[in-house]
Amino acid sequence: MDHEHTATYDLQPHLVLTPEQWHERLSDEEYYVLREAGTEAPFVGEYTDTTTEGVYRCRACGAELFRSTQKFHSSCGWPSFYAPLAEDRVRYLNDESLPGRPRTEVRCAQCDSHLGHVFAGEGFDTPTDLRYCINSICLDLVPTDETT
């Protein structure tokens with residue numbers, strides 16, 4: 001990852017809740033992925049193959065994160081995007097949780113919830129050389145016809 005995509009923007013999330021408050025907002029599965037940096041199983045998420053036009057929001061706080069126009073099919077088992085809605089919508093952390101496989105974690109800048117990871121240099125035919133691999137359970141899709 002180059003410097004532009006590893007920078008962490010505003011380090012302080014705007015929405016800060018206690019674990020108990022997050023448990024009230026989220027299901028156990030959502031809490032595991034969004035707040036404990038878990039991963040949903042591949043090919044089971046509701047947005048893996050969705051082509052509906054709209055805006056993808058953070059399921060924890062509602063922040064707009066990605067647009068359907070930035071989504072592409074990567075066959076990885078999770079929704080893939082080549083860029084966030086705007087660079088200040090997400091933040092990045094080094095993830096050393098898999099020995100020998102360093103990754104870059106993607107978090108919601110608004111509430112600091114885990115979303116997934118971003119990978120570079122995989123050769124997809126997209127405007128960027130990035131694949132934001134995002135857990136479906138972290139997102140809510142608001143179709144274009146509902147945003148107007």
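Analyst: A nonpolar core is a set of buried Ala, Val, Leu, Ile, Met, Phe, Trp, Tyr and Cys residues joined through side-chain atoms within 4.5 Å. The model examined here is predicted. Its largest nonpolar core has 28 residues, and those touching the most other members are L65, F66, V106, L115, Y132, I134 and L139. At least two residues of this core come from each of α3 (28-36), β1, β2 (64-67), β5 (90-95), β6 (103-108), β7, β8 and β9.

User: What does V106 touch, beyond residues up to four places away in sequence?

Analyst: Contact means heavy atoms within 4.5 Å. By that criterion V106 touches V90, R91, Y92, S113, H114, L115, G116, H117, V118, Y132 and I134.

User: Why is strand β9 described as largely enclosed by the rest of the structure?

Analyst: Buried means under 20% relative accessible area. Four of the five residues of β9 (residues 139-143) are buried, so the strand is largely enclosed. For the chain, buried residues make up 49% of the 148 residues.

User: How do you know that β1 and β9 pair, and which way do they run?

Analyst: Two strands pair if DSSP finds at least two bridges between them. Five bridges join β1 (residues 54-58) to β9, and the two run antiparallel. The count of five meets the criterion, so they are called paired.

User: What makes up the lining of the largest pocket?

Analyst: Lining residues have an atom within 4 Å of a pocket point. T39, W78, R101, R103, H114, G116, H117, F119, C133, I134 and N135 line this pocket, whose volume is about 160 Å³. Strands β7 (114-120) and β8 (130-134) each supply at least two lining residues, and β7 gives the largest share, four residues.

User: How many of the lining residues are nonpolar, polar and charged?

Analyst: Four are nonpolar, five polar and two charged.

User: What is in contact with L15, leaving out residues up to four places away in sequence?

Analyst: L15 lies in the loop between α1 (3-6) and α2 (19-25). It touches W22, R25, C61, Q110 and C111. L15 and C111 are 96 residues apart in sequence, yet 4.8 Å apart in space, C-alpha to C-alpha. Across the chain, 55% of the contacts with a separation of 6 or more are between residues 24 or more positions apart.

Conventions: Residues are numbered from 1 along each chain as its sequence is written. This is a predicted model: local features need pLDDT of at least 70, side-chain atom pairs count only at pLDDT 80 or more; totals for chains, interfaces and linings use all residues. Side-chain values use heavy atoms; hydrogens and water are left out. On a 1 Å grid over the protein atoms alone, a cavity is a set of points where a 1.4 Å probe fits but cannot get out, and a pocket is an open set with protein on both sides within 12 Å along at least five of seven lines; lining residues have an atom within 4 Å of a point. Grid points are joined across faces, edges and corners, and a volume is the space filled by probe spheres set on the points. Ala, Val, Leu, Ile, Met, Phe, Trp, Tyr, Cys and Pro count as nonpolar, Asp, Glu, Lys and Arg as charged, and the others, Gly among them, as polar. Buried means under 20% relative accessible area, exposed over 50%, partly exposed in between (1.4 Å probe, protein chains only).
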